[in-house]
Amino acid sequence: MAASNPQSVGWSAIIGGVIGVIGFICLILLFVVGEPFGSINDFLSIPTGLLLLPLVMGLYRLHAPHHPLLSALAALAGAAGFLSTMVGSTLLLAGRIDFQQSLIPGLGGFGLIGLWVLINGALGLADGALPRSAALAGVLLGLSPTIILILLLRIDAVANVLNAMANPTAAGFQMNPVVMALIALGMISYAGLPIWFIAVGRLFATGRAGAAVGQLVSIS
């Protein structure tokens, strides 16, 4: 493979973030209008994940000189998160799993992506490789998805909440306030993370993400 560069990493993240914004709009339209916007959202998560994988390596290279272990942990979480969401969406669209089953790779992947953003935000505050505003935004946006990982223990309750949001007239729904609150916080992060990807992508594209960005290479 040819050597990568900050500009390609940046533009890939920007395009992935824009697609992520479109995916969030489709998710809102799912709750307001219904299908096919849910399926569109599921489909868009696939190119979004592919386009953001270079940013996972880019941020690893950015922080590795000063924080090798934490940056490696973040990269593993980010790669696993994006791959999980892509696999889950593909299986759901292919009819191999149902909606409730898709929540495991979906929520798990979202939580791991949040953990990746959280760690990179914290590292950006520590080493100054990211502007303070971008680093702090990463910490705040990554916190609730990381916490949402605990919802994997209550998949049935999460499925009930999401089904009720998509079909508010359904009878017999028992709302779990804790699950509902975590999902509401997660939706805020779901909306904000693509904006963060675009902002960080611009830093890479313009060479403002730190001196270590210039050391980006890919496996030959």
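In helix α3 of this predicted model, the residues S71, A74, A75, A77, G78, G81, F82, T85, M86, G88 and S89 are buried, where buried means under 20% relative accessible area with a 1.4 Å probe, counting protein chains only. Residues are numbered from 1 along each chain as its sequence is written, and side-chain values use heavy atoms, with hydrogens and water left out. Because the model is predicted, local features need pLDDT of at least 70 and side-chain atom pairs count only at pLDDT 80 or more, while totals for chains, interfaces and linings use all residues.

Helix α3 comprises the 26 residues 68–93; at 1.5 Å a residue it should span 38 Å, and its end C-alpha atoms are 37 Å apart, which agrees. The expected span is 1.5 Å times one less than the number of residues. Just after α3, G95 adopts a positive phi of about 75 degrees.

The chain as a whole has seven helices and zero strands, helices being DSSP runs of H or I with at least four residues, and strands runs of E with at least two, numbered from the N terminus. Of its 220 residues, 47% count as buried. Among contacts (heavy atoms within 4.5 Å) between residues at least 6 apart in sequence, 79% join residues at least 24 apart.

Notes:
Buried means under 20% relative accessible area, exposed over 50%, partly exposed in between (1.4 Å probe, protein chains only).
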